[in-house]
Amino acid sequence: MTGQINVNKIAARTGNSITVESGHKISGAAGSIVAPGQVVQVVQGILLTQATSTSSSYVDTGLTATITPKFSSSKILVMVDMMVSHKGGWSGSNVRLLRGGTTIYYGTGTGQACLYSGNISDGNYWVDRLNSVFLDSPATASAVTYKTQMQSIQSVHIGINRSERASATYDAAGASTITLQEIAQ
């Protein structure tokens, strides 16, 4: 047949391994060829709206993303980039990361299980940038949802994508993302 390549000339098979000579590549349907450490797929959730809370209980921020792993052995690299504000004083706020309804990526010491805790002495105009990276092992090929939640300490303001004041044209109005990468194992 015209255009047919003799695989034996560009690849060698040893046991369960195939070695491909330099300058050649193997192609296949999505998900059919997987190498450990390879990014299989990427999903991103974007939050452009503003959220605020004074609740001492954790509440959803609105930042969420869902991924359906192609392989149950895959790991999910979770990257959070979020703008967070607080009302000043001796109180502050916490942000946590969840897989489904389970808090993940947190310290085990005494206190609140969170990935971020903040306090700004003059928080009317300022916004913190929360950047967090976590490699999760959900051990499933079913849909998995990751999200963030916020909590106020001592009923002070916590805001997402906004400064505490958020009333003047020069106050911060930001955006937040959560990016999920399936990593083959």
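The largest nonpolar core of this protein holds 24 residues, and within that core Y146 and I178 are the residues with the most contacts. Two or more residues each come from strand 5 (59-67), strand 6 (75-86), strand 7 (93-99), strand 10 (128-136), strand 11 (144-152), strand 12 (158-160) and strand 13 (176-183). Of these elements, strand 6 contributes the most, with five residues. As general background, nonpolar side chains in soluble globular proteins tend to be buried together. The model described here is a predicted one.

Once its neighbours within four places in sequence are left aside, I178 is in contact with V43, Q44, G45, L63, T64, A65, V78, M79, V80, L97, Y146 and K147. That list includes Y146, which is also named among the residues with the most contacts inside the core.

**Overall architecture**

What does the secondary structure of the protein come to? Of the 185 residues in the protein, 40% are buried. Among the contacts between residues at least 6 apart in sequence, 79% join residues that are at least 24 apart. The protein exposes about 10,400 Å², and carbon and sulfur atoms supply 50% of that area.

**Salt bridges**

| Salt bridge | N to O distance |
|---|---|
| K147 and D60 | 3.1 Å |
| D81 and R129 | 3.1 Å |
| D136 and R99 | 2.6 Å |

In the salt bridge that K147 forms with D60, distant parts of the chain are linked, since K147 lies in strand 11 and D60 in strand 5, 87 residues apart. D60 has a relative accessible area of 44% and is therefore classed as partly exposed, a class that runs between 20% and 50%. K147 is also one of the residues in contact with I178.

The salt bridge between the side chains of D81 and R129 again links distant parts of the chain, with D81 in strand 6 and R129 in strand 10, 48 residues apart. D81 is partly exposed, with a relative accessible area of 24%, and R129 is likewise partly exposed, with a relative accessible area of 42%.

Is D136 buried or exposed? D136 counts as buried because its relative accessibility is 3%, which is under the 20% limit. R99, at 23% relative accessibility, counts as partly exposed.

Not counting residues up to four places away in sequence, S57 touches M150 and Q151. Although S57 and Q151 are 94 residues apart along the chain, their C-alpha atoms are separated by 5.7 Å.

Technical notes
Residues numbered from 1 in each chain as written. Predicted model: local features only at pLDDT ≥ 70, side-chain atom pairs only at ≥ 80, totals over all residues. Heavy atoms only, no water. Core = buried A, V, L, I, M, F, W, Y, C linked by side-chain atoms within 4.5 Å. Buried < 20%, exposed > 50% of the residue type's maximum accessible area, 1.4 Å probe, protein only. Helix = DSSP H or I, 4+ residues; strand = E, 2+ residues; numbered from the N terminus. Contact = heavy atoms within 4.5 Å. Areas by Shrake-Rupley, 256 points an atom, 1.4 Å probe, with all protein chains shown as cover. Salt bridge = Lys/Arg side-chain N within 4 Å of Asp/Glu carboxyl O.
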